[in-house]
Amino acid sequence: MRCSRTAAVPRTAPPWPPRAFDRVTVATTSGWPASPAALLDHHLDIVATNAAWARAWGDPAGYEPARRHVLSLLAAASAPAELLLPVARQFRMAADLHAGDPRIAEIGALLRADHPALGLVWDCRGIGAFGRPMFELAGEPAAAHLLHPTGQPEIAVLVAARPRRTG
């Protein structure tokens with residue numbers, strides 16, 4: 001099992017206690033060995049991923065720290081709109097919650113510069129619940145889940161799992 005922690009974007013202090021981060025990192029990497037999973041901070045910057053994430057959408061370690069944002073990696077990997085749009089809605093909600101945060105403005109500027117073809121997505125102000133978006137992953141159906149560990153509102157885990165087969 002490989003846990004890939006990315007170098008953090010400079011901050012004055014982490015938004016969660018280090019012990020909580022470590023517990024969530026272990027869950028992210030060991031809980032879903034075959035499902036892409038990423039630990040996200042309150043900006044939706046990627047803090048850690050598992051090996052399945054790197055295979056599906058790239059290893060964030062290959063990006064400069066300012067571009068280690070979940071939308072940057074998904075857009076660069078041409079993730080399906082069924083996944084990209086719900087994540088973009090979540091980012092807009094985070095942007096509203098942290099409106100004065102310079103990192104939010106930086107992420108928006110980088111997304112527009114790096115992926116101008118998705119300008120309508122970046123400029124849309126729609127927000128909404130994440131739901132359970134369905135999309136195709138490696139030729140098979142998958143569902144995305146955005147999980148918030150109990151008591152840790154500044155941490156989220158994005159995981160893409162194939163539906164369980166019954167019968």
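Guide: The model is predicted. Start with L40, which touches D45, I46, V47, V70, L146, E154, I155, A156 and L158, leaving aside residues up to four places away in sequence. L40 belongs to the largest nonpolar core, a set of 32 residues, and is one of those with the most contacts inside it; the others are W53, W57, V70, L71, L74 and L158. Helix 4 (residues 81-97) supplies the largest share of this core, with six residues.

Now the aromatic rings. The whole structure holds two aromatic pairs. In one of them, the ring centres of W53 and W57 are 4.8 Å apart and the planes meet at 65°; the pair is edge-to-face because planes over 60 degrees apart count as such. Both residues sit in helix 2 (residues 51-57), where four residues, about one turn of the helix, separate W53 from W57. W53 and W57 are both buried.

The other pair joins W57 to F135, with 6.3 Å from centre to centre and 45° between the planes, and this pair is tilted. It links distant parts of the chain: W57 is in helix 2, F135 is in strand 4 (residues 134-137), and the two are 78 residues apart. W57 and F135 are both buried. Through these ring pairs, W53, W57 and F135 are linked into a cluster.

How values were computed:
Residues are numbered from 1 along each chain as its sequence is written. This is a predicted model: local features need pLDDT of at least 70, side-chain atom pairs count only at pLDDT 80 or more; totals for chains, interfaces and linings use all residues. Side-chain values use heavy atoms; hydrogens and water are left out. Rings of Phe, Tyr and Trp (its six-membered ring) pair if their centres lie within 6.5 Å; planes under 30 degrees apart count as stacked, over 60 as edge-to-face and the rest as tilted. Buried means under 20% relative accessible area, exposed over 50%, partly exposed in between (1.4 Å probe, protein chains only). A nonpolar core is a set of buried Ala, Val, Leu, Ile, Met, Phe, Trp, Tyr and Cys residues joined through side-chain atoms within 4.5 Å. Contact means heavy atoms within 4.5 Å.
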